[in-house]
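Student: I have a structure open and want to learn to read it. Where do we begin?

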Amino acid sequence: MNRKLSDFRFLIAIGAAVLLCSFFLPIVAEAKKLNVVTATTDMAALTQEVGGDKVNVESIARGYQDPHFVEAKPSFLLKLRQADLLVVVGLQLEIGWLPPLVTQSGNPRIQQGAAGYLDASQFAEILDIPTGPVTRAMGDVHPLGNPHYWLDPDNGRRIAKGIAAKLGEMDPGDSVYFQQRFQDFDKRLTAAEQKWDAEMKPFRGRKVVTYHRSLPNFAKHFGLDVVGYVEPRPGIPPTPSHTIELIGLMKRENCKIIMVEPYFDLKTPNSIASQTGAKVLVYLPSVGGEKDVTDYFKLFDYDISLLTKAFQATQ
Amino acid sequence: MKDRMLIAVVTILFSTPLFAQQSSTSAAQASTQDTAALEQRIKDLEERLIALEGQVRMLKSGQAQPAAAPQPQPAGAQPAETAAQAPPQIAAPAPTPAPAEAQAGIATTGGQLPIYGGASAASKALNPDISVIGDFVGAAGGNSAPSSATLQPFPSLQMHESEVGFQAIIDPYARGDFFISFGEEGVNLEEGYITFTALPAGVVAKVGKMRSVFGKVNLMHNHVLPWIDRPIVNTNLVGGEDGIDDAGVSIERILPAPKGIFLEATGQVFRGDSADVFKASQKSDVSTVAHLRGYKDITESTNLDIGLSYARGHNDAGTNSVTPLSSTDFLTQLYGVDATLRWKPLRRSIYHSFVGRSEFIWSQRQQPLREQRAFGFYTSADYQMKRRWFLGGRYDWSDRSRFANVTDKGGSVVLTYWPSEFSQIRGQYRFTNYAENIKANELLMQVIFSLGAHGAHPF
């Protein structure tokens, strides 16, 4: 009897300790600002455009990091537990790290399916949706389509519109503000788009090789022809036989540009370049890939100036 | 398919106004206006198509499922309206009956060939993510382990484990995880629990059978270990491969802490039956586990993770006893400290990383003659040399829980190769020096392969 009692007393003590800790935290009645956490910096940049100073935005992944392989660090939980809205890229880009973070966050608002969980892929035009049987023999395919969709300004506009509507839904008092911010962003983006289109126009139809399949939307928008990939299959590192094939292909197609994300090793691209006379461009797939690329506009400015210079040089 | 639909829409749009255009007065002006209007209309339609495709995708991936109850849509937002309406609302997060119809239409009229994951996706949408992980182990070399030792050799060739995982979101308030392992001895529910994610005050609760949070290795499934075997200290003091894995309830919560420090407390109560560590002879013999975890990012690529663990339960010494009155009074208490240092440069995160880890465990086991106080630890390091190559080492030192005065020691060198994220080949040279002064040199080989849903990477 005594033993039993002491057992239960012990249990109750542990339970009480955990519960006590739960109520220690004062319920943070943050002012009117919505706390938004995004999976990537691009979503953060777009949220910032439409959210203005009515939102606090923070991204989990850094712009120079491979968004497929982010570590599920507990420090991210500190951000997630305070979040009112979580914006994800979706299409299983974050499948390797985000689900456990969301589960452990203890934040019911941002659970998948809750009002504060926003999958931005629903707004965008998605390419590379597999139509035949999907197997892993194709590498790490994304069965719902290519998740690198934000590098098309038209998709940027669509995503921003979707986020603005979502923010308005969560904070109806400021929905007019968010809509105005979106209209303003739309105007600036349209103007910038005209400039980018004009800059890229002379190079429409030019052939490029990319490391990973990160550029279908960008290539479609600006009329580039992606003829091959350094990776033999998505997510599979380069193999000698594929590299030889690719060198042959680039020579045949007279392709002079290899575009590499900042998080991939340059050894293979450099050796391909030396054998084909091509140029290796470390382009930025995301905002924040370089220090001064701080918003969505600068991302395109950077990549387009990089590309146009390279195209001119390899004319 | 989208292109075909677009062409159809465009043709219809073009034909109607063009036929109507009969009057010859200011025809040119009107036609330029019309073209502009048409272009706008096509653009609007394209936007609507993209929005619709997005909704279909959401439905297919089953993500729209647990959303709030569908609200009656105002008549103005039905997609069946005339094309002359204002640009559509792209954001319509609540699932409405209309996109569901659209999905059915697309799925069946998409073409003669069945589209994988298309037509039947609706029926699959609510099924859990299924994965199977195979774990094959081979061993060579001599190990004449004494029968009293807990660390026993691997057989020459063994399909060590096949783990089937089912994972899904249950409802807006919870998710469920099942891991069923098929070993050589039979089938075992390794874990099966519900996680309540929508509790107030940031509390996360789990109910079911689960691996307890005592230290680091106890929580890990075989296929995420950085070695083929488990450290001797886990085998000797914490139940080895099965470990503290029991039916019960777990509550965890992030605690307030100075900025930049992550602090989390977990409390767990189990029935009290875990491998050879705990044994419940009666209902009240529950076991408890408490864990406190502190974590800090030192830089963006380096971080430190420290844990304190405590476990308490009744052991099997009681049931072996002759006197039933005193029989259930034998307790085992475990104390643990774990520390992990990780390094992974973000710009080259897929190529290089380092994990250094130690766990120190003290066991206090009451048993008939006298209480046994045993101590053990391991210390390990793993370095990722290239994208696919990992080199690691581990040093083991541990007393035995039932005979605390004897100590087993050992060391291992591990080389791992990853053909892809979904398979792994590993070799391990293991040296063991048993307390009885028996030495063993073994070469272990392991192949791990994973099918189905892409699981989350452990941290």
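Tutor: With angles. Axes are lines fitted to C-alpha atoms, and angles run from 0 to 180 degrees between N-to-C directions. Keep in mind that this is a predicted model.

Student: How many bridges join strand 5 to strand 7 of chain A?

Tutor: Two bridges join strand 5 (residues 207-210) to strand 7 (residues 257-260) of chain A, and these strands run parallel. Look at A:Val209: opposite stands A:Ile258, in strand 7 of chain A.

Student: Next, helix packing. At what angle do helix 6 and helix 10 of chain A pack?

Tutor: At about 10 degrees, with the axes 10 Å apart. Helix 6 covers residues 175-200 of chain A, and helix 10 covers residues 296-313 of chain A.

Student: Which residues of helix 6 and helix 10 of chain A meet?

Tutor: From helix 6 of chain A come A:Ala192, A:Trp196, A:Glu199 and A:Met200. They meet A:Phe297, A:Phe300, A:Ile304 and A:Thr308 of helix 10 of chain A. Six residues of this contact are nonpolar, one is polar and one is charged.

Student: Is helix 2 of chain A mostly covered or mostly open?

Tutor: Mostly covered. Burial is a neighbour count: a residue is buried if 20 or more other C-beta atoms lie within 10 Å of its own. In helix 2 (residues 41-51) of chain A, eleven of eleven residues are buried. Among them are A:Asp42, A:Leu46 and A:Glu49. The buried residues of helix 2 pack against strand 1 (34-38), strand 2 (55-59), strand 3 (85-88), helix 5, helix 6 and helix 10 of chain A. Just after helix 2 of chain A, A:Gly52 has a positive phi of about 55 degrees.

Student: What about the contact between the chains?

Tutor: Chain A contributes 68 residues and chain B 60 residues. On the chain A side, the elements that give two or more residues are helix 1 (2-24), helix 3 (74-80), helix 4 (98-104) and helix 5 (153-170) of chain A. Helix 1 of chain A gives the most, twelve residues. The chain A side divides into 33 nonpolar, 19 polar and 16 charged residues.

Student: Where in chain A is confidence lowest, and where is it highest?

Tutor: Lowest in helix 1 of chain A, with a mean pLDDT of 55; highest in strand 3 of chain A, at 97. Over residues 23-30 of chain A the pLDDT is below 50, and beyond near neighbours in sequence that stretch has four contacts in the model. Chain A as a whole averages a pLDDT of 90, and 90% of the residues score at least 70.

Notes
Residues numbered from 1 in each chain as written. Chains lettered and ligands numbered in written order. Predicted model: local features only at pLDDT ≥ 70, side-chain atom pairs only at ≥ 80, totals over all residues. Contact = placed C-beta atoms within 7 Å. Helix = DSSP H or I, 4+ residues; strand = E, 2+ residues; numbered from the N terminus. Nonpolar A, V, L, I, M, F, W, Y, C, P; charged D, E, K, R; others polar. Pairing = 2+ DSSP bridges. Buried ≥ 20, exposed ≤ 12 C-beta atoms within 10 Å, placed from the backbone. pLDDT = per-residue confidence, 0-100.
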